[in-house]
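Here are a few notes to go with the model you are about to look at. Please keep it open beside you while you read.

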Amino acid sequence: MAQTLIQNTKSKVKKPKRFQVLLLNDDYTTMDFVVEVLMRFFSKNEEAAQAIMLKIHLEGEGICGVYPHDIAQTKVSQVIDFARKEEQPLMCVIRELKA
């Protein structure tokens, strides 16, 4: 009886929703600054950061990572705070990852 109860409880646990963190292109933020942000806040190596930066530049946005909501929101806040401190208009947003 106890074993059945434990199994039923485990099966009801849902995986948390996941969210993409995206950087958006603008006409003012330097490419070097975008690469720095990707390396500093998303632990990208220089090659990966360059590739994402080019995608942002060419397509208007680029995915920096996928996280649970709280972590994604923290990343967005950190990036925007850093960008404003450095007088850059870079925008960072989250988008729910569809299953």
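1. Let's begin with a loop: Ser-43 sits between helix H2 (31–42) and helix H3 (46–59). Helices here are DSSP runs of H or I with at least four residues, strands are E runs of at least two, and both are numbered from the N terminus. This is a predicted model, in which local features need pLDDT of at least 70, side-chain atom pairs count only at pLDDT 80 or more, and totals for chains, interfaces and linings use all residues. Residues are numbered from 1 along each chain as its sequence is written, and side-chain values use heavy atoms, with hydrogens and water left out.

2. Have a look at the backbone of Ser-43: its phi is positive, about 55°, although the residue is not a glycine. Most residues other than glycine have a negative phi.

3. Glu-87 belongs to the loop between helix H4 (69–85) and strand S3 (91–96). With 72% relative accessibility, Glu-87 is exposed.

4. Now for helix H3, where you will find Ile-56. Is Ile-56 buried or exposed? Ile-56 has a relative accessible area of 3%, so it is buried. Leaving aside residues up to four places away in sequence, Ile-56 is in contact (heavy atoms within 4.5 Å) with Leu-23, Leu-24, Asn-25, Val-34, Glu-61 and Gly-62. Asp-26 is 30 residues from Ile-56 in sequence, and their C-alpha atoms are 9.1 Å apart.

Conventions
Buried < 20%, exposed > 50% of the residue type's maximum accessible area, 1.4 Å probe, protein only.
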